[in-house]
Amino acid sequence: MYAQLCKRLSEEAPNFDPPDGPCTFNRLLLSKCQDEFERRRRASEIWDGSEGSALSAEQEEERAAAKRKMVGNLRFIGELGKLEIIHESILHRCIQQLLEKRRSRPMVDLAEDLECLCQIMKTCGKVLDKPKAKNLMDQYFERMYQLSSNMELLSRVRFMLQDVLDLRAANWVPRKVAQVDGPRTIRQVREEAAHDLGVYIPPPSSHGPPRSSGPISPLAGVSSFFPQPGGNRTGMEDVFMGAVTLGTGPGVISSQPDKYGYDSNGFGGGVSGGGSYRPRQQQGNKHFNNQNYNRQQQNNQYNQQQNYSNIANKDLPPRFKKMFSHSSGGGSSSSDGEVSLRPAASSMMLKPKTPGVLPQSALGQQGNDHHIHSSLPLAPQPQPPNQKPTPPLMHKDPPILIKQASMEKSKANRNKGPSREEWLRRVKNLSEQLLKEQNLDETVENYRSLKLPERLTAEAAQVIINLLLTQEESNRELGSQLLEKLRSEGLMNVDRLFDGVKQVLGQLDDLVNDVPRVKSHMAGILGHLIASGTLPLADVAEPLEGGQHFPLFLLILQTLHKLLGKSNLTQTFNESKVNLLNLLPESDRTKEKLADLLEDRELSFLFPLLRIQSDLWRALVADPTPHAFYKYIKDTLDPEHHTAPGFINALMTVLVKYIVQETTLAAGADPTTIPEKMVTEREQELLAKFKPVLQAFLHDHLPLQVTAIYALQVFTYTNNFPKGMLLRWFVNLYDLEIVEEDAFLTWKEDLSQDYPGKGKALFQVNQWLTWLQETEEDDEDEDGDA
């Protein structure tokens, strides 16, 4: 909800910043988000530094509140990213910082960063997981996968990481979205177990012992397998009955107790389905009578077998009835009451969700061994009370089968194909062969026969570009042609190619030591790719925003100037709609600095009007007569620029500045007070004097008249809205018929955020605009009556 509120404010809130930058609200919001993101680490370091001493209850509460705020802030940042208020590149940088591993930082200290990472991934991971960013996302999740198995981290953090991994594997569809919270009936539990685990859980026998009406014991649900004092039942036995003795197979652990009350695996208790829990009063109790315990075990086993026989005759499926009939009748598919270790083909145990983990040796021989039988009886046979229980026979896998499993695993590894490093080494060899033999077509065919996996295409592009950066210009051009050919032949997807370019850009600063002119070399490669249409100029500009790798983009434009020429580069640049100011470092982000940079690199033709305002001002000050000023414009400015918004903006700004400096804002004037009448009349006279110049370019051009109003708005904004100035100028422009009423009303309704000060400007002239609108409506009514 708060992110949606910010979206509305970013679209509708007044802008007080220059029109060529971000709106005021977005700038402040991004600055606040950055502060909070960086503050999270400082706060974490403060609390971590106090771990040596015990924290008081108040400090613990403050720490918990700070942690909740930190995770909430990251979720808020993610929501802003989903609504595209925060650019994806910022979200990627946040994720990279959260995953950053420092050598001096213990692994356990990553916990809070990883919790924030999980939160931001759950919030906006689906938005970031696009084909264009797949390579980056794969790297993030590879790192998260490694961390999820790192036992130095808390279990809670590892489970959170695993949840995010599962979320991406499910195409960002949350698990159990439609699950209804709250208690479930026993019938629902049975149905879920049958559906998810493939385990049939029969209902309770109608003639079984009555349920206890007392409170449920902590051992509820397993008491049918654990002896309880007095033989009491808790009412939950039917939920779990049969869930652990429905057949035998690999991984089933015998739990027949010996004379000391321990099973054959060294665990206490009489659990017939695996497990090691014994009632608390029996664990380590020196007063516990082993003989009574063994006798009770035998009785429970005998009763349990009788219950199984009753169930087998009623509700179990045929295959389970057969198993119980073998057990109760003493018959089996093998001698001495044994059953086959391998389940039948239709068995639930062969389904993917079968509970239990098979031993590795059993997995290795599962497909080959058809003759191994378990020595574990399906259900214990009744024995006389005085006879000790027969210890079970332990089955061991033959060593030859273990060796065979290892051989099969080794064979599978051999058949898996080349490793990632081997694939990339082959790509590098192909590129080096191209530079040596200069045969482009042969290299493309060799690349085709290589059959490189799609997932490695981006890294292949990175390998090729990294090699080209160290080559001379002719080889860089040939390598660029290779990338163009691979793209045109469909062997390299444009998104994968661009991912490779971004990976190289990410390490560009580190390559400066090895390749001093690495940015010039990179500009040459990218220039060829853009000129051939392989990569769009707008996409290449995206990772360079904010002055990243400056002056790489200007070097790219210089390369394009050589390859395309002036007119084609101008067309390509205008179609890309790249904001060149955003590609400059923040300290140089002014029109004057941009004009100097373009002039130094002979690229001024891209912005022919960038210096027009300063040129017009010098001409007007030199000869402040309308005729001379108009003649200068006609002689120096190309006619096609006479209707350009940039020229109208500069023209209006220069004239307003000259007129007010001669009258209402002259030296010594107080802008916070309304000027004297004589001064305002002089202001109106000067405006009327330059009326022909303005009308020559604004007459019958409604959009240009709106541009002129915006220029006036920005001028008053930069001068802190001198008292009464904007309203006076609106009235004078209207009375002198320089700007029509439709232009004023269009300006009023326009929601553009490209010009700062709109909100305050509307407040100053709103009453006059209302009068103007009512006057126009009255005139229309009179015309209709006539």
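1. In this predicted model, the sulfur of C33 has its closest cysteine sulfur in C6, at 7.6 Å, which is too far for a bond. A disulfide is a covalent bond between the sulfur atoms of two cysteines. The cut-off applied here is 2.5 Å between the sulfur atoms, and by that rule the count comes to zero disulfides. C6 is accordingly in no disulfide. Both cysteines are buried: C33 has a relative accessibility of 9%, and C6 has a relative accessible area of 10%.

2. R143 belongs to helix α6, which spans residues 134–148. Its charge deserves attention, for R143 is buried yet has no salt bridge. The nearest side chain of opposite charge is that of D113, 9.3 Å away. A polar atom of the R143 side chain does, however, lie 3.4 Å from the backbone oxygen of L99.

3. Which residues of helix α23 are buried? In this helix, residues 566–576, they are L569, T570, F573 and S576. Because these residues cover an arc of only 130° around the axis, they sit on the same side of α23. An α-helix has 3.6 residues a turn, so residues three or four places apart point the same way. The buried residues of α23 pack against α21 (537–541) and α22 (552–564). On the face turned away from the buried side, α23 carries the exposed residues S567 and E575. Just after α23, K577 takes a positive phi of about 55°.

4. The backbone also calls for comment. Most residues other than glycine have a negative phi, and most peptide bonds are trans. The peptide bond from F550 to P551, by contrast, is cis, with omega near 5°. P551 is located in the loop between α21 and α22, and those two helices are the ones against which the buried residues of α23 pack.

5. W172 is not a glycine, yet it has a positive phi of about 65°. This tryptophan is found in the loop between α7 (155–169) and α8 (186–196). W172 is buried, with a relative accessible area of 10%.

6. Is F721 buried or exposed? At 9% relative accessibility, F721 counts as buried, the cut-off for that term being under 20%. F721 lies in the loop between α30 (702–718) and α31 (725–735). Its phi is near 50°, a positive value in a residue other than glycine.

Conventions. Residues are numbered from 1 along each chain as its sequence is written. This is a predicted model: local features need pLDDT of at least 70, side-chain atom pairs count only at pLDDT 80 or more; totals for chains, interfaces and linings use all residues. Side-chain values use heavy atoms; hydrogens and water are left out. Helices (H or I, at least four residues) and strands (E, at least two) are DSSP runs, numbered from the N terminus. Buried means under 20% relative accessible area, exposed over 50%, partly exposed in between (1.4 Å probe, protein chains only). Lys and Arg count as positive and Asp and Glu as negative; His and the chain ends are not counted. A salt bridge is a side-chain nitrogen of Lys or Arg within 4 Å of a carboxyl oxygen of Asp or Glu. A polar contact is a pair of N or O atoms within 3.5 Å; within protein, one must be able to donate a hydrogen and the other to accept it, and residues adjacent in sequence count only if both atoms are side-chain atoms. The arc is that of the directions from the helix axis to the C-beta atoms. Contact means heavy atoms within 4.5 Å.
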